[in-house]
Amino acid sequence: MGRKLDPTKKEKRGPGRKARKQKGAETELARFLPAVSDENSKRLSSRARKRAAKRRLGSAEVPKTNKSPEAKPLPGKLPKGIFAGAVQTAGKKGPQSLFNAAQGKKRPAPSSDEEEEEEDSEEDDVVNQGDLWGSEDDADMVDDYGADSNSEDEEEGEEAGVQWLDLGSLQPPPSGFKQFSCLSFLSSWDLQLLPIERAARKQKVREAAAGVQWSEEETEDEEEEVTPESGPSKEEEADGGLQINVDEEPFVLPPAGEMEQDILAPDLQRVHKRIQDIVGILRDFGAQREEGRSRSEYLNRLKKDLATYYSYGDFLLGKLMDLFPLSELVEFLEANEVPRPVTLRTNTLKTRRRDLAQALINRGVNLDPLGKWSKTGLVVYDSSVPIGATPEYLAGHYMLQGASSMLPVMALAPQEHERILDMCCAPGGKTSYMAQLMKNTGVILANDANAERLKSVVGNLHRLGVTNTVISHYDGRQFPKVVGGFDRVLLDAPCSGTGVISKDPAVKTNKDEKDILRCAHLQKELLLSAIDSVNATSKTGGYLVYCTCSIMVEENEWVVDYALKKRNVRLVPTGLDFGQEGFTRFRERRFHPSLRSARRFYPHTHNMDGFFIAKFKKFSNSIPQSETGNSETATPKNVDLPQVIPKSENSSQPAKKAKGAAKTKQQLQKQQRPKKASFQKPNGTSKGADSELSTVPSVRKTQASSRCQDSSQPAGKAEGIRESKVTGKLKQRSPKLQSSKKVAFLKQNAPPKGTDTETLSVLSPSKTQATLKPKDHHHPLGRAKGVEKQQLPEQPFKKAAFQKQNDTPKGPQPPTVSPISSSRPPPAKRKKSQSRGNGQLLLS
Amino acid sequence: MRPLTEEETRVMFEKIAKYIGENLQLLVDRPDGTYCFRLHNDRVYYVSEKIMKLAANISGNKLVSLGTCFGKFTKTHKFRLHVTALDYLAPYAKYKVWIKPGAEQSFLYGNHVLKSGLGRITENTSQYQGVVVYSMADIPLGFGVAAKSTQDCRKVDPMAIVVFHQADVGEYVRHEETLT
């Protein structure tokens, strides 16, 4: 059907039709279709439009009962649209057809038989009008006088809801036109509809009425739900009254007995809903808790539900609950169910990123650059060819590598012509990245302990065209004995894999406390070996990067903190400007404040595998630990001679030794602690007892014995003071253990300062005493800041120990509280008062 | 790890010279450092002196690889070139063969090159000459031996073999274990 000419907007009459500007279908059709509010209106055919127009004409007088703007689009909208269109066309065509009739063109029967044949005639009229309309396209454009007024009426009638056009409001046709009686009979319009159309209208009316009622009911329901209820909780009350259409029953924590029943036949949907409910309650616990139920009950229930829903073991889930707040926890668990996007790294030794991207796109791979932090990374969205078998891959143009695995190499920043050690290199992605950054200069020693995985290293390095690498098969702990003096070292330590659960779901269940501690132990050993392999005096290097694909604090911050104490290294910024900072405190542990420069990555926040990266700088090649026994024997004397012997006596050497000895003493004592959960440790210096047992005893015993020899020299009085002070400190820490500790120290005091006896006494006290002693001995070191005078001297030494490790080794230890200790929180106030009292007791 | 004996050196150079001819000298005398061949566990490695010094510290049974492995000596002391040498053969190759995109996959699976897959071939290639195989985008795919001289290649029917397959980059995926 042709376009209607709008006389108000005269189109340019040019030599051809094309001279008329076309405004686009939307503007054209807007005149036909009722409104944009009519979302259900279809594009109607010309016949449909005519019918709709007729319907609208006839139903204009129908009472507008269904004007409520329901949320649901009613089917009535559709007929409305049809009506509107039909009205328009009919209205427009009416005068036209009349005009034509007057002109004696072929007219349908209605012109003669108005009453009887109104129905049929009307239909025919519409049909014929359509035909006429179609045939007289051009002429109609010019002579459509009625269109304008109709469109205006149409727009005026537009309101939300059903539109009924009052045809009587139309402009009267020009005089002289014989008006069809059908047009004037508005009330009889219904009769002229097809039966189906009548039924549709009735249906529409009915539904409109129903819809109104439904919407009224809905608002009532919501109001009911909004009313606060005392006992049970409602999710919609959270977040400032966010109204959610949840079902009526409030969430009730199932009684303890029922908690066990679910294990047999968990209904996952129910479990999932319960998880969401509990998370909502816990978010606003004060307001939404159920009376009489404790927070721990809710947490336990949540833990069980999460374990059921996501198939985690209890241990790992408990660790994750400690690590993440609840909202993040659910996100983290969800992220672990989904694999991370596939990423690859361009091998700049052979190609450039844009060339590679072009070549891969030509093969049918959908990819994008990885991010502005990477110049060589590409992320693959989907691919029609296997991305690990394209000719470009085989030619060594790229390597499939996780995004988080690119970060440690970027942090290490290997320079050309350097000697680099990669301690755990399989499958060779990081090694090859380092080689390409070094442009195949210098040397890389790629080592791995697993022979099977070394094959893939060889394959990958050859494929990527890396020529500056030597591949070896050592246990990483054998460095630096094999070869040392590297400029930089990368240690991607074997870990529990809790950051890559999405790659290996078995980690969810097969990791427990033992595994984590074993991993931590191995990582500590490897890290110490790696540190020893770095040449601190290297002109361009002296850096070490330690990274794991785990998110556990025991494998990350704890290990780094351990290394900071044991070696002359310090943490430096990684150079990565995104990622979460490492923890400086976690539950009851306290770590060195420089751990803030370490970086953590999570799957749910960064969309890459869980990772931890820490960058060390070694500032001295000397190893504090391995100093001779003489140094350590002086420790107790120095430590405990506060007022008696002036600090000046404690020159740099004894101070060093003191520090070392203090450490060894602590470690010696610690090693005798029975296997305890490491959570009992108050500060980050504590190490897993079992982790120390293996390597420490042999070293410690010799040192202890030598120490004891020297300690025989100090005056008995001093020692007595020392012992009492230490005892006092111990008392400070755990008052309930006073008596037993006293006994232990008195026992020590009783035998003369024979080397062996003291050693024995140190080594062989009862288990409990041994545990108490080191633990408490440790406490004052870590905790006490505002301590009494007696305890002051010991602390500076210990703090000096930390200082020395973390800064340049200085000689005289200032008796001030070192900045490092400031990271440790002050002890509980109540303990101080107790200790004061106890200390005085002892001294007197 | 030890240097090659005279005999071994001769055998190996002969083999390599089949592909790159007198450019072999360029492998040995490089402007950016002295490179040498070393034998370790029957495999020949091509390394620079600096890297070799570091590798000398590593005990023999722990050393897995150094530099680039060119190939290995078989039990009967014949030298077999591996695909890992491709990066050094490709730039210096004297006779090259380009294969069509459709025939790439077949070659990467270890099949010989048929006449139907042959895109281009260097002029005056003699029969049984060592050739390096490229894709049409000039990506080296492997090397082989010409089954027919260039003249014969024109005459022969499309299903005839024109290049015998010897090594291809698909072996990185197919035969990962044999690389070490």
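Which residue of β9(A) does A:L491 stand opposite? The views below start there and then move on through this predicted model.

**View 1. Strand β8 of chain A and its two partners.** The residue opposite A:L491 is A:Y546 in β9(A). Strand β9 covers residues 543-548 of chain A, and 5 bridges join β8(A) to this strand, with the two running parallel. Strand β5(A) is also joined to β8(A), here through 3 bridges, and this pair runs parallel as well.

View 2. Spanning residues 488-492 of chain A, strand β8 is mostly covered, with 5 of its 5 residues buried. Follow the side chains along the strand: A:R488, A:L490 and A:D492 point one way, while A:V489 and A:L491 point the other way. Both sets are buried.

View 3. An unreviewed UniProt entry lists A:C424, A:C425, A:A426, A:P427, A:G428, A:G429, A:K430, A:D448, A:D475 and A:D492 under "binding site". The lining of the largest pocket includes A:C424, A:C425, A:A426, A:P427, A:G428, A:G429, A:K430, A:D448, A:D475 and A:D492.

**View 4. Two residues of the loop between β5 and α19.** In chain A, A:A426 lies in the loop that connects β5 (419-422) and α19 (429-438), and A:G428 is found in the loop between β5 and α19 too. A:A426 counts as buried because its relative accessibility is 12%, where the cut-off for buried is under 20%. A:G428, at 0% relative accessibility, therefore counts as buried. Leaving aside neighbours within four places in sequence, A:A426 is in contact with A:D448, A:R453 and A:V457. With neighbours within four places again set aside, A:G428 is in contact with A:M399, A:V457 and A:L461.

**View 5. The largest nonpolar core and A:F616.** This core has 79 residues, and those with the most contacts inside it are A:L320 and A:F616. Helix α22 (residues 513-533) of chain A gives the most to this core, contributing 7 residues. Beyond its neighbours within four places in sequence, A:F616 is in contact with several residues, including A:L527, A:Y543, A:Y546, A:V560, A:L564 and A:V572. Apart from this core lies another, of 61 residues, among them B:F37, B:A93, B:W98 and B:I121.

Definitions and conventions. Residues are numbered from 1 along each chain as its sequence is written. Chains are lettered from A and ligands numbered from 1 in the order in which they are written. This is a predicted model: local features need pLDDT of at least 70, side-chain atom pairs count only at pLDDT 80 or more; totals for chains, interfaces and linings use all residues. Side-chain values use heavy atoms; hydrogens and water are left out. A nonpolar core is a set of buried Ala, Val, Leu, Ile, Met, Phe, Trp, Tyr and Cys residues joined through side-chain atoms within 4.5 Å. Buried means under 20% relative accessible area, exposed over 50%, partly exposed in between (1.4 Å probe, protein chains only). Helices (H or I, at least four residues) and strands (E, at least two) are DSSP runs, numbered from the N terminus. Contact means heavy atoms within 4.5 Å. UniProt positions are given in the numbering used here, feature names are shortened, and annotations may be inferred rather than shown by experiment. On a 1 Å grid over the protein atoms alone, a cavity is a set of points where a 1.4 Å probe fits but cannot get out, and a pocket is an open set with protein on both sides within 12 Å along at least five of seven lines; lining residues have an atom within 4 Å of a point. Two strands pair if DSSP finds at least two bridges between them.
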